[in-house]
Amino acid sequence: MFELSRRLEFSAAHRLHNPAFSDARNRELYGVCNNPHGHGHNYVLDVTVRGPADADTGMVMDLNRLAVLLDELIFQEVDHRHLDHDVAWLSGRVSTAENVVAAMWERIAPRLDGLLYRMRLWESRHNFVDYLGPDAS
Ligand code: NI
């Protein structure tokens, strides 16, 4: 078994705010991440596929194909955007790293023939979240 990864970097703005909560509750819950006009991150997304190497090609999958998919389905949509206002498939969710990476999984997984294993979204050098998909325990 092999795990093969491709890294994508993008810059985006967001604000953590749940409209179902009061302003006071939002400030308490999200702190400075609730500042009204948002803030930015240099995000890093590590996408890992897992599987055997094909006997003929010697590859788990063509990483160039993965790179093109990530560019079209994610990078072009989110880079230099405000995640809460500019990205239709993120609207209606609080843009925590957990929710953002899960939405990205939903876009990419159907195109990867069951090979997608993990998506790791770094929000900063110190904070990242790993997502193993909706069916992982
Ligand atoms: Ni943030």
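Trainee: What should I know before reading the model?
Mentor: The model is predicted: local features need pLDDT of at least 70, side-chain atom pairs count only at pLDDT 80 or more, and totals for chains, interfaces and linings use all residues. Residues are numbered from 1 along each chain as its sequence is written, and side-chain values use heavy atoms, with hydrogens and water left out.

Trainee: In what order do the strands form the sheet?
Mentor: First the terms. Helices (H or I, at least four residues) and strands (E, at least two) are DSSP runs, numbered from the N terminus. Two strands pair if DSSP finds at least two bridges between them. Here 5 strands make an open sheet with mixed pairing, in the order S3-S1-S2-S4-S5.

Trainee: Which strands stand at the edges?
Mentor: Strand S3 (81-82) and strand S5 (128-131) do. Each has a single partner strand, so one side of each is left without a neighbour in the sheet.

Trainee: Which strands run parallel, and which antiparallel?
Mentor: Take the pairs in sheet order. S1 (residues 2-14) and S3 run parallel and are joined by 2 bridges; Ala12 has Arg81 in S3 as its bridge partner. S1 and S2 run antiparallel, joined by 13 bridges, and Glu9 is partnered by Val44 in S2. S2 and S4 are paired in the antiparallel sense over 6 bridges, where Val49 has Leu116 as its partner in S4 and Leu45 stands opposite Leu121. S4 and S5 also pair in the antiparallel sense, over 4 bridges, with Tyr131 in S5 as the partner of Met119. These two strands, S4 and S5, form a hairpin with 5 residues between them.

Trainee: How do I describe two packed helices?
Mentor: Two packed helices are described by the angle between their axes and the distance between the axes. Axes are lines fitted to C-alpha atoms, for helices over the stretch in contact, and angles run from 0 to 180 degrees between N-to-C directions. In this model the axes of H2 and H3 come within 10 Å and cross at roughly 140°. Angles under 35 degrees count as roughly parallel, over 145 as roughly antiparallel, 65 to 115 as roughly perpendicular and the rest as oblique. H2 and H3 are therefore oblique to each other.

Trainee: Which residues make the contact between H2 and H3?
Mentor: Contact means heavy atoms within 4.5 Å. From H2 the residues are Leu69, Leu70, Leu73, Ile74, Glu77 and Val78, and from H3 they are Met104, Arg107 and Ile108.

Trainee: Which residues coordinate the nickel ion?
Mentor: Donors are N, O and S atoms within 2.8 Å of the metal (3.2 Å for Na, K and Ca); water is not among the atoms, so sites may look incomplete. In this case His14, His39 and His41 coordinate the nickel ion, each through NE2, at 2.0 to 2.1 Å. Their spacing in sequence is H-x24-H-x1-H.

Trainee: Are His14 and His41 buried or exposed?
Mentor: Buried means under 20% relative accessible area, exposed over 50%, and partly exposed in between (1.4 Å probe, protein chains only). Both His14 and His41 are buried. His82, in strand S3, is buried too, with a relative accessible area of 16%. Leaving aside neighbours within four places in sequence, His82 is in contact with Ala13, His14, Arg15 and Val87.

Trainee: How many residues of S4 are buried?
Mentor: S4 is mostly covered, with 5 of its 7 residues buried.

Trainee: What is Val101 in contact with?
Mentor: Val101 is found in helix H3 and counts as buried at 1% relative accessibility. Beyond its neighbours within four places in sequence, Val101 is in contact with Leu45, Met119, Leu121, Val129 and Tyr131. The C-alpha atoms of Val101 and Gly133 are separated by 9.5 Å, although 32 residues lie apart along the chain.

Trainee: Is Pro52 buried or exposed?
Mentor: Pro52 is exposed, with a relative accessible area of 56%. Pro52 lies in the loop between S2 and H2. Leaving aside neighbours within four places in sequence, Pro52 is in contact with Met1, Phe2, Met59 and Val60. From Pro52 to Ala88 the C-alpha distance is 35 Å, at 36 residues apart in sequence.
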